[in-house]
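Please read it beside the sequence and the coordinates.

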Amino acid sequence: MRVLISVTIVAGLTWWAPAAAQPTVATAPGGHVLQTVDGDTIGQVTIAPLPDGWRALGKNVYESNIQVLGAVTGNGRPATALNVKLGGPAANVAPPSSAAVVANAIELQLGSPAAPTTVTLYCAEVDILGPLANGTYTARAFLPGIVLDGRLVVPPKQAAWGSCPARTSSMDPPPPGFSRIDATANARVKLTGAIWWRERDACQRWDFVRAPTGLQLGRTFRTADRASGSIVETSIGYNFEAGDRMLYAPWTNQRWIRAPRGLGQGLAGVGASSGVFGFRIVNANRDRFVLLFGGAADATSYRESDAVVWYRGLRSCKAGR
């Protein structure tokens, strides 16, 4: 798993490529206000020592690992980097609310609304703090050791499973909005038979199969095109390894059930896409079991919105329970 942070920043449009960062459930005490060298407050640093990769330029002034758009030098340091300064001690920031989501990517405007600096953050935990006003929402983004305050044009959407680490905690009792992990669930669940996986509002049936190469989870479906008179059968699947708790691919195979009339046409999207997804089962009952991807191994609770639910029956899937 990659770690924080590589950020690209330009006025108006930028690119932040941190590694899939594990969102925090609370901020550390003793933080400092984070400003640009021009004095615009953009948030705070919540850890000490400072994030890896920051280099002192002077008293309380640093070359950050927030990268300005441009090439990387041969030694791996940014060719240009955003210089920041630390202000006085920062007041403790409230932890993310129960409505916060982990967004795969957001474009957060920092500084003056008249001339903002926009950063793109990956796998940040994001809270909307204010309603739409002047075309933007007031927002706060949490990354390991850094809190950024700014504005969003578009509200954040929860990242798809496997895109970002799940939010977890070892606090007792769990933080608000967190569910306890059943430590016995992972060993109790056998990956056999069929499960139903919700895709948007549709419940899709997937079947476990013991193939010569090992365990697979797959589904097969057909699509028809009336205009060409063609029918294509598509099979999608995941391979398992490491005690059936590691998903690989997915792979896709397609074949004609009825080829199109007229000239022959090839099939698109055949083959495997790269992906390795380690998971554990953190809750299970007779209706469903819950999978957590990328969470801390010693966690005792998790945010269920970050998890994947596999239902044991179509009725349970439709009911969403």
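The link of Cys203 and Cys317 is left-handed, with -100 degrees about the S-S bond. Cys203 belongs to strand E15 (residues 202-211) and Cys317 to helix H2 (residues 314-319), so this pair ties together parts that are 114 residues apart in sequence; helices (H or I, at least four residues) and strands (E, at least two) are DSSP runs, numbered from the N terminus.

The model is predicted, so that local features need pLDDT of at least 70 and side-chain atom pairs count only at pLDDT 80 or more, while totals for chains, interfaces and linings use all residues. Residues are numbered from 1 along each chain as its sequence is written, and side-chain values use heavy atoms, with hydrogens and water left out.

A disulfide is taken here as a pair of cysteine sulfur atoms within 2.5 Å, and by this rule the count comes to two disulfides. With the bonded cysteines numbered in sequence order, the pairing reads 1-2, 3-4.

| Disulfide | Sulfur-sulfur distance | Angle about the S-S bond |
|---|---|---|
| Cys123 and Cys164 | 2.0 Å | -85 degrees |
| Cys203 and Cys317 | 2.2 Å | -100 degrees |

The link of Cys123 and Cys164 is left-handed, and this pair connects distant parts of the chain, 41 residues apart, with Cys123 in strand E9 (residues 117-128) and Cys164 in the loop between strand E11 (146-152) and E12.

Accessibility is described by relative accessible area (buried under 20%, exposed over 50%, partly exposed in between, with a 1.4 Å probe and protein chains only). Both Cys123 and Cys164 are buried. Cys203 counts as partly exposed because its relative accessibility is 22%, whereas Cys317, at 0% relative accessibility, counts as buried.

Turning to the strands, two of them are said to pair if DSSP finds at least two bridges between them. An open sheet of three strands has the order E12-E22-E13, with antiparallel pairing. Strand E12 (168-169) and strand E13 (179-180) stand at the edges with a single partner strand each, so one side of each is left without a neighbour in the sheet. E12 pairs with strand E22 (residues 301-302) in the antiparallel sense over two bridges, and the bridge partner of Ser169 in E22 is Ser301.

Elsewhere, strand E17 (residues 230-241) and strand E18 (residues 246-258) run antiparallel and are joined by ten bridges, with Arg255 in E18 as the bridge partner of Glu233. E18 also pairs with strand E20 (residues 276-284) in the antiparallel sense over three bridges, where Met246 stands opposite Gly278 in E20.
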